[in-house]
Amino acid sequence: MDRLENISPNVYNKSKERAKTEDDFNENIYDDIDAREIFDILRNINDPEHPLTLEQLHVIEENNITVDNKINTVHVFFTPTIPHCSMATLIGLSIRVLLLRTLPSRYKVQVEVTPGSHASEHAVNKQLADKERVAAALENNNLIQVIEQCIDIGDHLTNEIPTDDIQSTNTTYKVLSKDLDLNYECKLGQLDDGYSINKSHNYIIQIKKKLSII
Amino acid sequence: MSKLELLHTLTGHIGRVWNVSWHPKGTLLASCGEDVTIRIWGQEGNSKWVNKTILTEGHQRTIREVSWSPCGNLLASASFDATTSIWDKKSGQFECNVTLEGHDNEVKSVAWSKSGNLLATCSRDKSVWVWEVMYGEEFECASVLNAHTQDVKKVIWHPHLDILVSASYDNTVKMFKEDPQDNDWYCVSTLASHESTVWSLAFDKSGTRLATCSDDKTVKIWQQYLPNNKEGIETPDNDPVWKCVCTLSGYHSRTIYDITWCPLTDLIATACGDDVIRIFKESPQSNPNEPTFTLITSVERAHSQDVNSVAWNPTIAGLLASCSDDGEVKLWQMNKLE
């Protein structure tokens, strides 16, 4: 990048961690994925320009996320920091890729620019909704590398894993993470270049590279 | 009451399956997808459908579409690697002996003309290419058509004539034919009415009607009007005019990725992003200039993810193939329950 498009964006505070209720620890209660959970997955995506997260720039906000578990839809509106942001498609793609990798395949994910927040709103939305073009884009090695950098959220987990307890990748461990709200019995299975954390009932989060402490 | 019954689920592909295509004799089915393979399925004896062949090493990236030549001896495959491969069986096994290059990026669709002498490809580079097939094995680019302003999603040929039709991200459908004067291909008509990407299209058996499907969640039926038609529709330049005579809206809840119009039963099937396969039929007393089509049956959760392609078998009435993002290919039979 030759120069920054938005030199001094507004930076906002991070939100507090989700409050734990007794139900969260009750194995007999099925907890559906909700907007807060999607928010927690997306909030730590890095901005392509700044060393800040999408949450800190208010690109991603919890009340711009809708989840309907009856019809399996997830709808995310994201707000580019400036109306002519050329990174809008890249940010949208990063959100899509991360949700593709983390959510169960039954979910239909729609990622759109918050109405009125971008000059080419319609064009950006149409491109992000075209799964064929998204699929082709994700086969582009250069692009996928940039996206990997944006969604590399592994850092936030690293310190939370009780490393002393980890002996083998096949045993079940309790993984605690404030940022991802993972508080489950998990299995760590080795991937090519990292580890995956298997939430026992409904989704897999792949954390690449950053779990080197193991 | 009509019903679409599941006959077989064919598994083997890894990841999204983009397209299914029947051999003209109806005995083989080809499928392709993001695992960069083409699988050919056939019947074992008289019942079970099995994977006969896996074609690999023809492409570097996702194979978006496969298409059999009308003689059934050649198979063309369109890939995101910007090439189109032609497979033949001269050695006894399918081999890729010709690779067509020229498009700037992803090739989205490939189709053979009825005679088998012409091949069309289209790409995200916004162009449609017409290839002439010389001596049945050499391919020469006859024309590069730059009429669309965006990504071209699909090309098909008229069932009898050398008329080429394309569908695009620019929301339009365009028809092309060759000018006999100078052998140059040109756009004869633009069909504009859809409000978003046109993903696919299908002629009826007569070639006088065309069905199109779109990201705008509608199916449209277009009727051809020849010069001096009795309805009094004007035909400038003495070329046939195509008019949208019917819009099927309210049936599909997400993008419609594919449509197929059966030459044997006249039924229309659609593949939709809401995982549903739907079957439409023209009403018996329908007025040809304002036809009505009714949804006669649908299969909820036909696949566990988006349905990407549907194809009616060309020789067995009511046999339908479908494929999905869920990695599966399915065969269905249309049954009439009296």
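Predicted model: local features only at pLDDT ≥ 70, side-chain atom pairs only at ≥ 80, totals over all residues.
First, the ground rules. Local features need pLDDT of at least 70 and side-chain atom pairs pLDDT 80 or more, while totals for chains, interfaces and linings use all residues. Residues are numbered from 1 along each chain as its sequence is written, chains are lettered from A in the order written, and side-chain values use heavy atoms, with hydrogens and water left out.

Start with the interface. In chain B, 26 residues are in contact with 13 residues of chain A, contact meaning heavy atoms within 4.5 Å. The two chains bury about 1,600 Å² between them, 41% of it on carbon and sulfur atoms; that is the accessible area (1.4 Å probe) lost on being put together, summed over both parts. B:Arg61, B:Tyr169 and B:Arg254 supply 33% of the area that chain B buries against chain A, more than any other three residues.

How many salt bridges are there between chain B and chain A? The count is ten, where a salt bridge is a side-chain nitrogen of Lys or Arg within 4 Å of a carboxyl oxygen of Asp or Glu. A:Arg133 and B:Asp151 form a salt bridge, with their closest N and O atoms 3.7 Å apart. The side of chain B that touches chain A has 13 charged, eight polar and five nonpolar residues. Here Asp, Glu, Lys and Arg are charged, Ala, Val, Leu, Ile, Met, Phe, Trp, Tyr, Cys and Pro nonpolar, and the others, Gly among them, polar.

Over all chains, the salt bridges come to 25. A:Asp40 forms one with A:Arg36, at 3.1 Å between the closest N and O atoms.

Of its 40 lining residues, B:Trp22, B:Trp112, B:Trp157, B:Trp312 and B:Pro314 are the closest to its centre. A pocket is an open set of points on a 1 Å grid, reached by a 1.4 Å probe, with protein on both sides within 12 Å along at least five of seven lines; lining residues have an atom within 4 Å of a point.
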